[in-house]
Amino acid sequence: MVVLVGFMGAGKSSVGRGLAARLDLPFVDADEAVERAAGKSIPEIFEQKGEAGFRALESEVTIALLAGEEAVVALGGGAVETTEIRSLLEDATVVYLELGAEEALTRIGDPSTRPMLRSHDPRALHARRVPLYETIADVRVPAGQRSVEELVDEVVALLESTGSFSR
Ligand code: S3P
């Protein structure tokens, strides 16, 4: 299992899609899987069930994905805050797309699709999560100011050179 982690706006879904094509694996976006499971958008889940309700559903869906068929999986930016998900990631190849808080906020632009940005201080959230991403990462790639293609190339090269993932 190859899993992309990183803060909102880091490009986990676009890089994940490109990486899956290069590795000839299916691609799964965990946020989309949560929305499918709930039959609602992420902002609606937060509105109706709060953050705790969203995290419970996110954990259930993510744990099932990680136990499923070999794939490239893009996680939601906050999934690493759940202890059980972090421990399951020990058995996966974890790619951390690094992005500073300011650049993430600029890239996200309109925060309406990211309810966490309305209820939390984004910089504090970023600071709290960076050590978690760093701890679980097998490879780290600075994601700022580079195209998706460049990032995919770099991730593939790093996975090969570090022997983190082969098929
Ligand atoms: C969240 C990030 C989002 C989504 C949800 C919560 C977070 O995913 O899972 O809005 O807590 O950082 P992306 O990182 O794909 O935006």
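**View 1. Helix α1 lies across β1, β2, β3 and β4.** Helix α1 covers residues 12-23 and runs at about 160° to β1 (2-5), while β4 spans 93-98. Helices here are DSSP runs of H or I with at least four residues, strands are E runs of at least two, and both are numbered from the N terminus. Angles go from 0 to 180 degrees between N-to-C directions, with axes fitted as lines to C-alpha atoms, for helices over the stretch in contact. Contact means heavy atoms within 4.5 Å. This is a predicted model, where local features need pLDDT of at least 70 and side-chain atom pairs count only at pLDDT 80 or more, while totals for chains, interfaces and linings use all residues. Residues are numbered from 1 along each chain as its sequence is written, and side-chain values use heavy atoms, with hydrogens and water left out.

**View 2. Five strands make an open, parallel sheet.** The order is β2-β3-β1-β4-β5. Strands β2 (27-29) and β5 (139-142) sit at the edges with a single partner strand each, so one side of each has no neighbour in the sheet. On average, neighbouring strands are turned by 20° against each other, direction ignored. Two strands count as paired if DSSP finds at least two bridges between them. Over at β5, helix α8 (residues 148-162) lies across β4 and β5, running at about 155° to β5.

**View 3. Strand β1 pairs with β3 and with β4.** Three bridges link β1 to β3 in parallel, and V3 stands opposite V73 in β3. With β4, the parallel pairing takes four bridges, and V2 faces T93 across it. Both faces of β1 are covered: V2 and L4 on one side, V3 and V5 on the other, are all buried. Buried means under 20% relative accessible area, exposed is over 50%, and partly exposed is in between (1.4 Å probe, protein chains only).

View 4. D29 belongs to strand β2, which is joined to β3 (residues 72-74) by three bridges, running parallel. What does the side chain of D29 make a polar contact with? The side chain of S13, at 2.5 Å.

Notes
Polar contact = N/O pair within 3.5 Å; in protein donor to acceptor, adjacent residues only side chain to side chain.
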